[in-house]
Amino acid sequence: MKYTVGGMRFETAKAVSDYARIVLHRSVPGFALEGEDAAFVADLFSHHPEARRKAGIGIAFFYVGVMPSWGTRNFLVCRTDGTYDNFSIKKCIASMATDPEA
């Protein structure tokens with residue numbers, strides 16, 4: 001199965017995951033993602049099984065944050081009302097594997 005995320009083609013789910021980790025670690029925490037990175041993360045997020053709930057009233061931007069309780073970098077969605085939520089790369093990719101439009 002091949003994957004297209006943010007206009008980029010990937011041969012495997014692992015390749016999508018590897019690229020997501022590259023974006024995660026090259027991004028400056030706390031700043032909105034831009035360009036290809038923003039497009040990739042937005043498309044990845046759209047496959048999350050709880051994307052609608054996590055998007056809330058609307059999405060302002062995506063960014064990388066360091067989760068204090070875990071000490072790890074995570075992608076976060078910032079909503080138009082200023083609230084935010086993190087989301088799992090693994091859940092997005094797993095959902096893509098079952099999404100016929102992915």
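**The nonpolar core**

A: The largest nonpolar core holds 26 residues, and those with the most contacts inside it are F10, V16, F40, V41, L44 and F75. At least two residues of this core come from each of β1 (3-5), β2 (8-10), α1 (13-26), α2 (35-46), α3 (51-55), β3 (59-67), β4 (72-79) and α4 (89-98). This is a predicted model, in which local features need pLDDT of at least 70 and side-chain atom pairs count only at pLDDT 80 or more, while totals for chains, interfaces and linings use all residues. Residues are numbered from 1 along each chain as its sequence is written, and side-chain values use heavy atoms, with hydrogens and water left out.

A nonpolar core is here a set of buried Ala, Val, Leu, Ile, Met, Phe, Trp, Tyr and Cys residues joined through side-chain atoms within 4.5 Å. Buried means under 20% relative accessible area, exposed over 50%, and partly exposed in between (1.4 Å probe, protein chains only). Helices (H or I, at least four residues) and strands (E, at least two) are DSSP runs numbered from the N terminus. In soluble globular proteins, nonpolar side chains tend to be buried together.

Apart from residues up to four places away in sequence, I93 touches A13, V16, S17 and L44.

The meeting of two helices deserves attention next. The axes of α1 and α2 come within 11 Å and cross at roughly 130°; axes are lines fitted to C-alpha atoms, for helices over the stretch in contact, with angles from 0 to 180 degrees between N-to-C directions. α1 is therefore oblique to α2, since angles under 35 degrees count as roughly parallel, over 145 as roughly antiparallel, 65 to 115 as roughly perpendicular and the rest as oblique. V16, Y19, A20, V23 and R26 of α1 make the contact with D37, F40, V41 and L44 of α2. By class, this contact has 7 nonpolar, no polar and 2 charged residues.

D37, in helix α2, is buried because its relative accessibility is 14%. D37 touches Y19, V23, R26 and S27, not counting residues up to four places away in sequence. D37 and A20 are 17 residues apart along the chain, and their C-alpha atoms are separated by 8.9 Å.

Strand residues complete the view. Y3, in strand β1, is buried, with a relative accessible area of 6%. Beyond residues up to four places away in sequence, Y3 touches M8, R9, F10, T12, A13, V16, M96 and A97. Between Y3 and A97 there are 8.6 Å from C-alpha to C-alpha, although they stand 94 residues apart along the chain. C78 has its place in strand β4 and is also buried, with a relative accessible area of 10%. Its contacts, leaving aside neighbours within four places in sequence, are G58, I59, A60, F61, Y63, T83 and Y84.

Terms used. Contact = heavy atoms within 4.5 Å. Nonpolar A, V, L, I, M, F, W, Y, C, P; charged D, E, K, R; others polar.
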